[in-house]
Amino acid sequence: MMQETDHAKTDRLDLDDARPRRLPMTVTITAFERSPDGGKGLARDTRVRWALEEAGQPYEVRLVSFRAMKEPAHRALHPFGQIPTYEEGDLTLFETGAIVLHIAERHAGLLPDEANARGRAIAWMFAALNTVEPPILELVTAKLLEGDKPWSKERLPLVEDRVRDRLNQLSSRLGDADWLDGAFSAGDLLMASVLLRLRASGILDEYPNLAAYVARGEARPAYQRAFAAQLAVNAGKRAAG
Ligand SMILES: N[C@@H](CCC(=O)N[C@@H](CS)C(=O)NCC(=O)O)C(=O)O
């Protein structure tokens, strides 16, 4: 066996010392200074907080007003002048799907290791945002922004039924499983976040397995921490916008 000389040992130590140290980078997200929901956790920063909590990653939050969100400094981070954004070193992201995927790809706990299972979990992320969320947002718009229109009463049942169509399909797929595809994943995190928006309408409760699925998501300690953090910002503040 070759003996390592003192000189070689010293060289290695020097090299080790010269190696750039990887300091953990601070993650900063943006959130409403005053959320329109008054802290019910429906603003989309909650999803990002939840993903970071699941991943065990610390983060900072920069609160922005509605006015500041539309100004050039924020638009440089988010082209559509919205929250949340995500900054980590020289990376800036917008869109909760992209942000949650970024977190999930870099940290354990949100995506399975096995390639096919990982692909399916990502498919559920897209399904949540691309297939299930749109009719739910349509319902929110119909109620909050169009409720006073003369045609609103006639349109609302159509919009509600489009939501029910999707929930019927989702409910059949979930069946009595705990999560959409095996263990909890970023797909479940986004799906539960999207479904949460329906609770006030009463429609979620028409699907006991989906209501229980959302409740399981909310019971996760990481969700509880995320919810509490956004509530701490919004509690007692008058909802604006
Ligand atoms: N598709 C975007 C939607 C972002 C979004 O709609 N953010 C809302 C808050 S939850 C917002 O900033 N609304 C204020 C506005 O659009 O002016 C995402 O998933 O990040």
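Author: Contact means heavy atoms within 4.5 Å. Helices (H or I, at least four residues) and strands (E, at least two) are DSSP runs, numbered from the N terminus. This is a predicted model, in which local features need pLDDT of at least 70, side-chain atom pairs count only at pLDDT 80 or more, and totals for chains, interfaces and linings use all residues. Residues are numbered from 1 along each chain as its sequence is written, and side-chain values use heavy atoms, with hydrogens and water left out.

Reader: Which residues of H8 meet H9?

Author: On the H8 side they are Gly 187, Asp 188, Met 191, Ala 192, Leu 195 and Leu 196, and on the H9 side Tyr 213, Val 214 and Glu 218.

Reader: At what angle do H8 and H9 pack?

Author: Two packed helices are described by the angle between their axes and the distance between the axes. Axes are lines fitted to C-alpha atoms, for helices over the stretch in contact, and angles run from 0 to 180 degrees between N-to-C directions. Here H8 (residues 186-196) and H9 (residues 208-219) pack at about 115 degrees, with axes 9 Å apart.

Reader: How is an aromatic pair read?

Author: A pair of aromatic rings is described by the distance of the centres and the angle of the planes. Rings of Phe, Tyr and Trp (its six-membered ring) pair if their centres lie within 6.5 Å; planes under 30 degrees apart count as stacked, over 60 as edge-to-face and the rest as tilted. The count comes to seven aromatic pairs. One of them, Phe 32 with Phe 66, is stacked, at 4.9 Å centre to centre and 15 degrees between the planes. Phe 32 lies in strand S1 (residues 27-32) and Phe 66 in helix H3 (residues 66-69), so the pair ties together parts that are 34 residues apart in sequence.

Reader: What is the average pLDDT of the chain?

Author: The pLDDT is the predictor's confidence in each residue, from 0 to 100. The chain averages 90, and 89% of the residues score at least 70. Over residues 1-16 the pLDDT is below 50, and this stretch has two contacts in the model beyond near neighbours in sequence.
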